[in-house]
Amino acid sequence: NGLTGIQVTRAASLVDEAALTALIADDLAGRGILGAGMSLDMLFAKPVSPIQAEAVASPASLLSLRYLPGSGAFTARFAIAGQEQALDVSGTIELMIEAPHINASLPAGTLLSPDNVEMRAVPLKYVESTGIAGLDDVLGKALLRQSREGMMLKPSDVAVPQLISKNDAVTIYYRQGPMTLTVKGQAVTNAAQGAPLQVLNLMSRRIISATAIAPGAVEVGIDPLTVADL
């Protein structure tokens, strides 16, 4: 009746490798295998062509998943909305985790700040063999050796910066209520903020134990022996 053509369309949802990977990631997270800051690098044994599923809230669902952590091998079965036959896939999974990396070549002793550290995904099995460091584990700490751009930071690469170095001139503080006594001294050992160190009292020529409280300043406790050495 005067029509030149008819077009029939049906709404659909696209199910691709990314969608299948997300379902597997959710399952591994529920098992406690995929933790915070982790992701999947998945390789399918055979490429999965995008599938047009029914346009429903969950166009695909995971029916079963077998994962071998040692080798990373997996097999999975999915139900696709509107498809009678289940979809079987297999391949390998590489667990990835965010780790801090240097974004510029820096000399030893550099205090690390957010400007020169960035998080990058690396294989979990590699990080576990070398030691896992979080961002909070490295920021504000000093590099122990010269580091090149792109190097992953391990716990052994950084240390709490030294507040007082050996042979530094220091002021020794002793506080008791409203009373404060001071005397000149010389550091015998290195110390970070809040760490103990040995100090030479330049007046009594005795070595005492103290705590580093600021650059050039240490404090002694109320131990009677320490006070006597002052």
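## Salt bridges across the chain

In this predicted model, Arg-77 and Asp-88 form a salt bridge in which the closest N and O atoms are 2.6 Å apart, a salt bridge being a side-chain nitrogen of Lys or Arg within 4 Å of a carboxyl oxygen of Asp or Glu. The pair links distant parts of the chain, with Arg-77 in strand E5 and Asp-88 in strand E6 (residues 87–102), eleven residues apart; strands (E, at least two residues) are DSSP runs, as are helices (H or I, at least four), and they are numbered from the N terminus. Arg-77 is partly exposed, with a relative accessible area of 38%, and Asp-88, at 47% relative accessibility, also counts as partly exposed, where buried means under 20% relative accessible area, exposed over 50%, and partly exposed in between (1.4 Å probe, protein chains only).

The structure holds seven salt bridges, and another of them joins Arg-145 to Asp-157, with 3.2 Å between the closest N and O atoms. Both Arg-145 and Asp-157 lie in the loop between E8 and E9, so the pair ties together parts that are twelve residues apart in sequence. Arg-145 counts as partly exposed at 39% relative accessibility, whereas Asp-157 is buried, with a relative accessible area of 4%. The side chains of Glu-219 and Arg-175 likewise meet in a salt bridge (2.5 Å, N to O), and this pair links distant parts of the chain, Glu-219 being in strand E16 and Arg-175 in strand E11 (residues 169–176), 44 residues apart. Glu-219 is partly exposed at 25% relative accessibility, as is Arg-175, with a relative accessible area of 38%. Salt bridges that share partners join Arg-145, Lys-154 and Asp-157 into one network.

## Basis of the values

Residues are numbered from 1 along each chain as its sequence is written, and side-chain values use heavy atoms, with hydrogens and water left out. Because the model is predicted, local features need pLDDT of at least 70 and side-chain atom pairs count only at pLDDT 80 or more, while totals for chains, interfaces and linings use all residues.

## The aromatic pair

A search of the whole structure finds one aromatic pair. The ring centres of Phe-44 and Phe-74 are 6.2 Å apart and the ring planes stand at 80 degrees, so the pair is edge-to-face; rings of Phe, Tyr and Trp (its six-membered ring) pair if their centres lie within 6.5 Å, and planes under 30 degrees apart count as stacked, over 60 as edge-to-face and the rest as tilted. Phe-44 belongs to strand E2 (residues 38–44) and Phe-74 to strand E5 (residues 73–80), so that the pair links distant parts of the chain, 30 residues apart. Both Phe-44 and Phe-74 are buried.

Strand E14 (residues 196–201) pairs with strand E15 (residues 206–214) in the antiparallel sense over six bridges, two strands being paired if DSSP finds at least two bridges between them. Asn-201 stands opposite Arg-206 in E15. The hairpin of E14 and E15 has four residues between the strands, and in it Arg-205 takes a positive phi near 60 degrees, although Arg-205 is not a glycine. Most residues other than glycine have a negative phi. Arg-205 is also exposed, with a relative accessible area of 55%.

E15 is joined in turn by three bridges to strand E16 (residues 217–220), the two running antiparallel, and Val-218 in E16 is the bridge partner of Ala-212. Two residues lie between the strands in the hairpin of E15 and E16, where Gly-216 takes a positive phi near 75 degrees. Elsewhere, Asn-167 has a positive phi of about 80 degrees although it is not a glycine, and Asn-167 lies in the loop between strand E10 (162–164) and E11.

Gly-150 has its place in the loop between strand E8 (142–143) and strand E9 (158–159), and at 29% relative accessibility Gly-150 counts as partly exposed. Leaving aside neighbours within four places in sequence, Gly-150 is in contact (heavy atoms within 4.5 Å) with His-101, Ile-102 and Arg-120. The C-alpha atoms of Gly-150 and Val-117, which are 33 residues apart along the chain, are separated by 9.4 Å.

Leu-3, Ile-6 and Val-8 form a nonpolar patch on the surface, with about 410 Å² of accessible area together. Patches are made of residues with over 30% relative accessible area and no salt bridge, with like charges joined within 9 Å and nonpolar side chains (Val, Leu, Ile, Met, Phe, Trp, Tyr) within 5 Å; accessible areas come from the Shrake-Rupley method with a 1.4 Å probe, and for residues only the protein chains shown count as cover. Leu-3 is found in the segment before strand E1 (12–15) and counts as exposed at 68% relative accessibility.
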